Amino acid sequence: NNMVDRFRAPAPESSILPPCESPAVSLKKGKRADGRSAEDHRPLFLKTGVISQARGSAYIEIGGTKVMAACYGPRDAIQTKEYSFKGKLNCEFKYAPFACSAKRGYAQDDEERELSAILEHSLHPAVVLERYPKSTIDVYTTVLEDDGGALAAAITCASAAIASAGIEMRDLVAACSLAWDKRTLHDPSRRECAVAPVLVTMATMASLNEITGLLQSGELPYAQQQEFTQTAVAACAQVYLAQQRGIKEAAERRLQRLQREAEVASAPEA
């Protein structure tokens with residue numbers, strides 16, 4: 001009774017859904033599901049100096065998306081035998097096991113390795129590696145919770161961590177994510193990313209007006225390309241201002257702490 005019919009082809013281990021038109025992002029009275037309009041960004045919170053063991057670190061919240069970044073170095077590249085006039089920037093992008101609805105593994109998968117390469121490519125033009133010959137700078141980003149725009153948050157957070165480490169940069173790198181579904185949606189949430197046919201993540205050096213990274217999934221109509229790119233650049237500029245404000249506040253807090261320590265040290269003993 002328990003014999004297996006070897007002449008019958010076994011069922012596939014996995015199946016693929018047939019292609020169908022994805023549901024559109026619904027706007028009720030011009031508002032999205034979370035109450036924002038199509039042009040509104042989610043609240044952004046950025047703080048640096050959150051990891052005491054790292055030379056530079058940062059933590060960012062964009063709505064429900066939470067990312068932490070740590071920067072180590074520059075340190076000597078011991079494994080490199082040949083002398084290098086430029087330093088090397090190493091970046092790692094990793095999801096925490098609890099960051100997504102499905103549990104992630106502890107080791108990097110193919111998606112995380114691809115996002116690590118995009119993260120490094122986006123930050124590389126901003127770091128003055130010529131100042132750090134035969135040295136390596138390591139940047140690690142961990143997504144604690146992903147509610148959409150995790151890569152953009154990681155790029156922005158990693159740039160702030162590098163700046164807080166005192167590493168010379170040409171400019172801060174700010175990133176944003178946009179979706180397009182018959183209209184442009186700023187800073188889409190995870191649910192909006194799941195149904196939007198076009199998703200774009202862009203990284204820019206705002207003060208230099210340069211695009212350092214671009215990742216797009218889906219096909220965008222040619223007539224919308226230029227307008228969509230300009231909208232993404234303007235959205236990155238808004239993130240850049242919030243990024244500057246967070247780093248400036250952290251520098252002011254550090255300066256006040258150093259002044260208090262100097263006052264205590266110079267005070268005469270009773």
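Predicted model: local features only at pLDDT ≥ 70, side-chain atom pairs only at ≥ 80, totals over all residues.

Colleague: Which element gives the most to the lining of the second largest pocket?

Modeller: The elements that give two or more residues to this lining are strand E1 (44–48), strand E2 (56–62), H2 and helix H4 (222–266). Among these, the most comes from an element that gives 6 residues, and that element is H4.

Colleague: Which residues are the closest to the centre of the largest pocket?

Modeller: The largest pocket holds about 460 Å³ of space. Its lining takes two or more residues from each of helix H1 (110–123), helix H2 (150–164), strand E6 (174–180), helix H3 (190–195), strand E8 (198–205) and strand E9 (210–217). The lining residues divide into 13 nonpolar, 6 polar and 5 charged. Of the 24 residues in that lining, the closest to the centre are Tyr95, Gly149, Leu151, Leu199 and Thr201.

Colleague: How are the rings of Phe45 and Tyr59 arranged, given the angle between their planes?

Modeller: A search of the whole structure finds 3 aromatic pairs, and Phe45 with Tyr59 is one of them. Phe45 lies in strand E1 and Tyr59 in strand E2, so this pair ties together parts that are 14 residues apart in sequence. The ring centres are 6.4 Å apart and the planes stand at 65°, and since planes over 60 degrees apart fall in this class, the pair is edge-to-face.

Colleague: What is the angle between the ring planes of Phe93 and Tyr95?

Modeller: Both Phe93 and Tyr95 are buried, and Tyr95 is also one of the residues closest to the centre of the largest pocket. Their ring centres lie 5.2 Å apart, and the pair counts as edge-to-face because the angle between the planes is 85°.

Colleague: Which strands stand at the edges of the open sheet?

Modeller: The open sheet is formed by 5 strands in the order E1-E2-E3-E5-E4, with mixed pairing. Neighbouring strands in it are turned by 15° against each other on average, with direction ignored. An edge strand has a single partner, so one side of it is left without a neighbour in the sheet, and this applies to E1 and strand E4 (88–95).

Colleague: Which residue of E5 does Cys91 stand opposite?

Modeller: E4 and strand E5 (residues 135–145) run parallel and are joined by 8 bridges. The residue of E5 that stands opposite Cys91 is Val139.

Colleague: Which residue in the turn between E8 and E9 has a positive phi?

Modeller: E8 and E9 run antiparallel and are joined by 7 bridges, with Leu199 opposite Ser217 in E9. The two strands form a hairpin with 4 residues between them, and the turn residue with a positive phi, about 55°, is Asn209.

Colleague: Where does Asp187 lie, and is it buried or exposed?

Modeller: Most residues other than glycine have a negative phi. Lys182, in the loop between E6 and strand E7 (184–186), has a positive phi of about 70°, and Lys182 is exposed, with a relative accessible area of 69%. Asp187 also has a positive phi, near 50°. Asp187 is found in the loop between E7 and H3, and with a relative accessible area of 7% it is buried.

How values were computed:
Residues numbered from 1 in each chain as written. Heavy atoms only, no water. 1 Å grid on protein atoms, 1.4 Å probe; cavity = no way out; pocket = protein on both sides within 12 Å on 5 of 7 lines; lining within 4 Å. Points joined across faces, edges and corners; volume = space filled by probe spheres on them. Nonpolar A, V, L, I, M, F, W, Y, C, P; charged D, E, K, R; others polar. Phe/Tyr/Trp six-rings, centres within 6.5 Å; stacked < 30°, edge-to-face > 60°. Buried < 20%, exposed > 50% of the residue type's maximum accessible area, 1.4 Å probe, protein only. Pairing = 2+ DSSP bridges. Axes fitted to C-alpha atoms, helices over the stretch in contact; angles between N-to-C directions.
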